[in-house]
Amino acid sequence: MPDLGSRHLSVVSVTNLVEITELNFGYGSRLVLKGINLTVRKGSLVAIMGLSGCGKTTLLRLIGGQLQAHEGSVMVAGQYLNNMSQSDLYALRRRLGMMFQFGALFTDLSVYDNVAFQMHEHTSLSESVIRDLTLMKLNAVGLRGVQSLMPSELSGGMARRVALARATALDPELILYDEPFAGLDPISLGVIGQLIRRLNDALGATSILVTHDVQESLKIVDYVYFVSEGVIVAQGTPEQIRASTLPFVHQFIWGEADGPMPFHYPAKTMANDLGLREA
Amino acid sequence: MVLESTLRNIRLVGDGTLKIVERIGATVVFLGLTLTQSATSFRRFDLVIREIFYAGVQSLIIILVSGLFVGMVLGLQGHETLQNYGSEQSVGVLVALSLVRELGPVVAALLFASRAGSAITAEIGLMKATEQLSAMEMMAINPMARVVAPRFWGGVISMPLLAMLFSAMGIIGGFLVAVVLIGVDDGAFWSQMQAAVDFRHDIANGIIKSLVFGIAVSAIATFEGYEASPTAEGVSGATTRTVVSSSLAILALDLVLTAFMLKGWS
Amino acid sequence: MERSTLNLWVGIFVLLGFFAFLVLAFKVGNLSAGGSGQTYTLVANFDNIGQLKERAPVRSAGVLVGRVKSVRFDPIHYTAEVRMAIDTQFKFPKDTSASVLTSGILGEQYIGLEAGGDDQMLKDGDQIKLVQGAVVLERLIGQFLFNKAQDSSTAKGAQK
């Protein structure tokens, strides 16, 4: 665990691209994340899993610097995100790629302009170079043919692939995926899963995947963190997770209706609510 | 009991007032933020041109048609009233002054708020709801500079042009009704108008008004879009608020500006 | 939409707006009649200016040559000090007279300038010495009635 005070540790932590130490975060007085410790090794593909609303998207936003930790530290690529200036944060984000839940493609730009967006904004490359790079990125996700379409003309799976091409447009060191599998049919889901793995390895990048899709993610990731009610309850390689005997992990992986995560929201007894017995 | 409910009502009034003041303050702060992020808009003016198209060119038809009709009605009504005093030749003066000083800037701004302002709010609100603004931020691009500022300047530049077109169209409408239809003398119509309408005091002040309205409407529209809660209801509510607040802002600013222009600096 | 189409439309829009501006300025407003737009100031003190307001026309031989810039009460002489902005292309001799006149019976009031014969011209900030204030209708009627009464009384006296 890095010492908060000494920043030259960044040389050491090159092997760990992301390090989160004793992180607490809340909206208002409600703590969403409690005492999170998490490391992501360079070049690996890590999944953060949990139920909807368990705080895993919040965790991703903390890594992307869209939210600030209340206590503890978040370190990305050797830099602490706490109290980072906007310009430093923007400089760091140029080395990051992020894919949002439903793609978040710019609806007023064509597929081509979406993928070329960061090149147009951040680089002074000539249009012909940008064109070649953009077509290569689109080709990598198999969608070179739709470059002139608008995002509204794409299917959900195709939009997700375009978003993937856009997230990797500047060959980022770290790619964040927010629910990349949400709302996809099984075929698109498999395609996206394979692409995430392939792009990660081809670019030599590091990826963090936030998802609740267990089966697909376990196929592609190197390491898994399980988050429940703001705490990391389990972690390990896919094999360890599959073999886990922890009741919560078991329930989650096999999709059982009842278990440590109760089916019933806490309430008074049924008999009470129906007025069969005095309170 | 009575005291209690009275107190509660007074508290509601206070609460509402505070909310309104807070909203105005937040809009002004947002406007300041937009201005500080405007460098990109002028370095890459094609971004603004695009927004002039969506805000200005697409409002052209409604502005031109409304201007023509308003001018025609002014011509009819003015002629009807002025006839009683035997000065129907002054109808040109009446049409021109009411349009250039008041109706041009105000009505054009009201139409602009409901046509272009609501569209700006809805667009930015939807970009927020679909995480496009977050995506932009994660690409190290400030949405204030890339999305908000060009739309703001597009609106600010479009508004005076639209207001002038509205006035010019209205005067043509008044001319059609008074001269062509009713038969007021052509020469008297124009010469009386020219004698009465002063460039600086009437036309220039009208343009200043429309510029101020343009700033107000664009600031409100971008603010409401940017601050909309990222849901379908949030965006539709923000769109409604844009039209309502812009209209109120236009009318209130018009009163202040008119008072100053008649008494104050000029 | 293609960028070139977009630019074309915006270009048309801006040109239309500019054209509307020209129409307003020259056809509707008085920019064309405003001459060079450069003015110099003349001052005149009237004992009474009636309803004269700022921006009232200043005419000479019926032609607009300037406008009233300000009207102020002069507390030393107890008169109304009127400053006029006169178009620089019109020069007036030193002995020009100014009077407050009314167009028509109930029309607006304006200042009429009548040129004299001096070879020296009035310069910026100069004072016009020969002035004639507004005719106050009440006083005029009063005078008329008074004269009538006097006439009839002298006539009666003559009869006796």
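Being four residues apart in helix α6 (residues 186–203) of chain A, A:Asp201 and A:Arg197 are separated by about one helical turn. Helices here are DSSP runs of H or I with at least four residues, strands are runs of E with at least two, and both are numbered from the N terminus. An α-helix has 3.6 residues a turn, so residues three or four places apart point the same way. The side chains of A:Asp201 and A:Arg197 meet in a salt bridge, with N and O 3.0 Å apart; the term stands for a side-chain nitrogen of Lys or Arg within 4 Å of a carboxyl oxygen of Asp or Glu. A:Asp201 is partly exposed at 44% relative accessibility, whereas A:Arg197 is buried at 18%. Buried means under 20% relative accessible area, exposed over 50% and partly exposed in between, computed with a 1.4 Å probe on protein chains only.

The model is predicted, so local features need pLDDT of at least 70 and side-chain atom pairs count only at pLDDT 80 or more, while totals for chains, interfaces and linings use all residues. Residues are numbered from 1 along each chain as its sequence is written, chains are lettered from A and ligands numbered from 1 in the order in which they are written, and side-chain values use heavy atoms, leaving out hydrogens and water.

Over all chains, the structure holds 23 salt bridges. One of them joins two chains: B:Arg151 pairs with A:Asp108 at 3.8 Å, N to O. B:Arg151 sits in helix α7 (residues 143–182) of chain B, and A:Asp108 lies in the loop between β6 (96–99) and α3 (111–122) of chain A. B:Arg151 is buried, with a relative accessible area of 3%, while A:Asp108 is partly exposed at 23%. Both belong to a network of salt bridges that also links B:Arg50, B:Glu51 and B:Glu123.

Elsewhere in chain A, helix α1 (residues 56–63) is mostly covered, with seven of its eight residues buried. Among them are A:Leu59, A:Leu60, A:Leu62 and A:Ile63, along with the charged A:Lys56 and A:Arg61. Just after this helix, A:Gly65 takes a positive phi of about 80 degrees.

Turning to chain C, C:Glu81 is found in strand β4 (residues 79–87) and is buried, with a relative accessible area of 12%. C:Glu81 forms a salt bridge with C:Arg72, whose closest N and O atoms are 3.2 Å apart; C:Arg72 is partly exposed at 43%. The side chain of C:Glu81 also makes a polar contact with that of C:Arg83 at 3.4 Å. A polar contact is a pair of N or O atoms within 3.5 Å; within protein, one must be able to donate a hydrogen and the other to accept it, and residues adjacent in sequence count only if both atoms are side-chain atoms. Beyond four places in sequence, the residues in contact with C:Glu81 (heavy atoms within 4.5 Å) include C:Val43, C:Ser70 and C:Asp74.

How does chain C meet chain B, and how many residues are in contact? On the side of chain C there are 23, facing 28 of chain B. The area buried between the two chains is about 2400 Å², of which carbon and sulfur atoms give 77%; buried area is the accessible area (1.4 Å probe) that two parts lose on being put together, summed over both. In chain C, C:Phe13, C:Leu24 and C:Val28 lose the most area to chain B, together 28% of what that side buries. Helix α1 (residues 3–28) of chain C gives the largest share of this side, 17 residues.
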